[in-house]
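Take a walk through this model.

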Amino acid sequence: MAKSQYKPEYCELMLRFFDRPPSKTHKKVWVSKSGSKIEEDVEVPNDFPTFPGFGRTIGHTAKGMRGWAEKYPEFRAACEKCKDIQEDILRVNALADRYDSNFAKVFAIHACG
């Protein structure tokens, strides 16, 4: 049987990867009909953290990490915390109309459920 490539430090790395605010301020610049430049700060969603995205940062797949969650209780606990973070980000951005409602609904059903 092949030796697992799991490392205990992946728990903390994953929690740091997922722990981000739901949105960030972005400066929107446009020119009005009168020709004047207008700048406005708008809230836009941060990149949504995903397990495949985290897996890329450590050189592993989401499928492999699911195996780790089955085998290592500390990794399973970290995954559950990350799912809670995902759910919170999804809820905040969906309620603020920062996400397409179809995306939010489908993601909530399949990834956070």
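Asp97 is exposed because its relative accessibility is 68%; exposed means over 50% relative accessible area, buried under 20%, and partly exposed in between, with a 1.4 Å probe and protein chains only. Asp97 sits in the loop between H4 and helix H5 (101-110). Helices here are DSSP runs of H or I with at least four residues, strands are runs of E with at least two, and both are numbered from the N terminus. The phi of Asp97 is near 60 degrees, a positive value in a residue other than glycine. Most residues other than glycine have a negative phi.

This is a predicted model, in which local features need pLDDT of at least 70 and side-chain atom pairs count only at pLDDT 80 or more, while totals for chains, interfaces and linings use all residues. Residues are numbered from 1 along each chain as its sequence is written, and side-chain values use heavy atoms, with hydrogens and water left out.

Stay in the loop between H4 and H5, where Tyr99 also lies. Is Tyr99 buried or exposed? Tyr99 counts as buried because its relative accessible area is 13%. Contact means heavy atoms within 4.5 Å. Setting aside neighbours within four places in sequence, Tyr99 is in contact with Pro45, Asn46, Phe48, Ile89, Leu90, Asn93, Ala94 and Ala104. With Asn93 there is also a side-chain polar contact of 3.2 Å. A polar contact is a pair of N or O atoms within 3.5 Å; within protein, one must be able to donate a hydrogen and the other to accept it, and residues adjacent in sequence count only if both atoms are side-chain atoms. Glu70 is another matter: Tyr99 and Glu70 are 29 residues apart in sequence and 32 Å apart in space, C-alpha to C-alpha.

Next comes Ser23, in strand S1 (residues 23-31). Ser23 counts as buried because its relative accessibility is 16%. What does its side chain meet in a polar contact? The partner is the side chain of Glu43, at 2.6 Å. Beyond its neighbours within four places in sequence, Ser23 is in contact with Glu43, Val44, Pro45, Asn46, Asn93 and Arg98.

Now turn to helix H2 (residues 51-58). Its buried residues are Phe51, Gly53, Phe54, Gly55 and Ile58. They pack against helix H1 (9-18), helix H3 (62-71) and helix H4 (73-95). At the start of H2, a side-chain oxygen of Thr50 comes within 3.0 Å of the backbone nitrogen of Gly53. Just after H2, Gly59 has a positive phi of about 80 degrees.

His60 is counted as buried because its relative accessibility is 17%. Its side chain makes a polar contact with the side chain of Gln5, at 3.4 Å. Not counting residues up to four places away in sequence, His60 touches Gln5, Tyr10, Gly55 and Trp68. One of these, Gly55, is among the buried residues of H2.

Helix H4 also holds Ile85. Which residues does Ile85 contact, leaving aside its neighbours within four places in sequence? They are Phe18 and Asp19. Ile85 and Pro49 are 36 residues apart in sequence, and their C-alpha atoms lie 8.8 Å apart in space.

Step back to the whole protein. It has five helices and two strands. From the N terminus on, the elements run α-β-β-α-α-α-α. The radius of gyration is 18 Å, well over the 13 Å that the globule rule gives for 113 residues, so the protein is more spread out than a compact globule. This radius is taken over C-alpha atoms, and the globule rule is 2.2 Å times the number of residues to the power 0.38. Along its principal axes, the C-alpha trace spans about 70 × 25 × 20 Å.

Of the 113 residues, 31% count as buried. Among contacts with a separation of 6 or more, 56% come from residues 24 or more positions apart. The accessible surface comes to about 7800 Å², of which 54% belongs to carbon and sulfur atoms; such areas come from the Shrake-Rupley method with a 1.4 Å probe, and for residues only the protein chains shown count as cover.
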